[in-house]
Amino acid sequence: MLGTTDRDQPVYMDRAAMSSRVSVRSSGRSAYLAAKRTLDVVLAFCALTAIFPLCVVVALAIKLTDGGPVLFWQKRVGKDGEEFAFPKFRSMVTDAERRRRELLNHNQHGGEGVTFKIKNDPRITPVGCILRKYSLDELPQFWSVLKGDMSLVGPRPALPVEVAQYSDYERQRLAVVPGLTCFWQVEGRANIPFPQQVEMDLRYIRERNLWLDIPLLLKTLPGVILA
């Protein structure tokens with residue numbers, strides 16, 4: 001490959017060396033993704049096994065106090081814009097999606113904001129308050145991790161209506177498999193404004209490796225316990 005020296009004299013760079021460097025980077029990324037997927041499967045399976053009795057208790061609490069469906073399924077957007085079924089223990093009234101439109105003016109992230117959050121959301125049930133405080137409503141998502149729709153660590157999966165409002169810059173969040181936890185989940189959860197969430201997600205995408213994933217997982221548990 002033709003190049004130049006400081007004296008503008010043509011030199012030939014070693015194509016084999018360049019190809020080797022690219023190959024090393026590619027193999028390193030492939031090894032990381034394989035290890036990440038292995039970690040996802042093993043930990044998600046262990047988690048689902050361990051939390052099964054707790055899930056039964058949560059399901060009974062929802063059914064006995066509210067009478068509606070135990071699980072709430074949503075469409076969420078995953079890697080490369082692919083939609084998937086996203087399960088949560090239901091923490092809101094059954095017509096929460098309809099009532100969301102009535103509450104848009106109370107959105108803490110702005111009436112025209114991409115994301116939607118209300119302090120003391122009136123749609124949340126009494127049992128749902130407890131589930132959300134300790135993130136128990138998120139437990140069924142280990143199933144999504146086991147299936148491969150999600151990972152343990154990665155940007156949180158967004159709603160299709162939110163992604164439809166993304167700029168090209170914000171759509172970079174969709175370059176990787178979404179996760180259960182991420183930088184902003186650990187450091188401030190949904191109280192962090194959306195633009196800052198995007199910056200934190202893109203930072204993760206640039207820097208991601210196992211030595212970043214494992215500390216994030218270890219930080220998530222105390223964050224849940226301390227609500």
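This is a predicted model: local features need pLDDT of at least 70, side-chain atom pairs count only at pLDDT 80 or more; totals for chains, interfaces and linings use all residues.
Start with the core. The largest nonpolar core has 39 residues. Ile62, Phe89, Leu131, Leu139, Phe142 and Tyr204 touch the most other members. Several elements each supply at least two residues, among them α1, β4, α3 and α7. Helix α1 gives the largest share, 7 residues. Leucine 131 shows the packing beyond its sequence neighbours within four places: it is in contact with Val58, Ile62, Phe89, Arg90, Leu136 and Asp137.

Asp137 leads on to the charged pairs. The structure holds 10 salt bridges. In one of them, aspartate 137 meets lysine 88 at 3.4 Å, N to O. Lysine 88 sits in strand β4 and aspartate 137 in the loop between α3 and α4, so the pair ties together parts 49 residues apart in sequence. Lysine 88 counts as buried at 14% relative accessibility. Aspartate 137 is buried too, at 3%.

Next comes glutamate 138, which pairs with arginine 156 at 3.1 Å. Glutamate 138 is buried at 19%, and arginine 156 at 10%. Lys88, Asp137, Glu138 and Arg156 are linked in a network of salt bridges.

Glutamate 207 bridges to arginine 203, with N and O 3.6 Å apart. Both lie in α7, 4 residues apart, about one turn of the helix. Glutamate 207 is partly exposed at 39%, as is arginine 203 at 34%. Buried residues of α7 include Phe194, Leu202 and Tyr204.

Finally, the surface. Phe52, Val56, Leu60 and Leu64 form a nonpolar patch with about 440 Å² of accessible area together. Valine 56 belongs to helix α1 and is partly exposed, at 37% relative accessibility.

Note on methods. Residues are numbered from 1 along each chain as its sequence is written. Side-chain values use heavy atoms; hydrogens and water are left out. Patches are made of residues with over 30% relative accessible area and no salt bridge: like charges are joined within 9 Å, nonpolar side chains (Val, Leu, Ile, Met, Phe, Trp, Tyr) within 5 Å. Accessible areas come from the Shrake-Rupley method with a 1.4 Å probe; for residues, only the protein chains shown count as cover. A salt bridge is a side-chain nitrogen of Lys or Arg within 4 Å of a carboxyl oxygen of Asp or Glu. Buried means under 20% relative accessible area, exposed over 50%, partly exposed in between (1.4 Å probe, protein chains only). A nonpolar core is a set of buried Ala, Val, Leu, Ile, Met, Phe, Trp, Tyr and Cys residues joined through side-chain atoms within 4.5 Å. Contact means heavy atoms within 4.5 Å.
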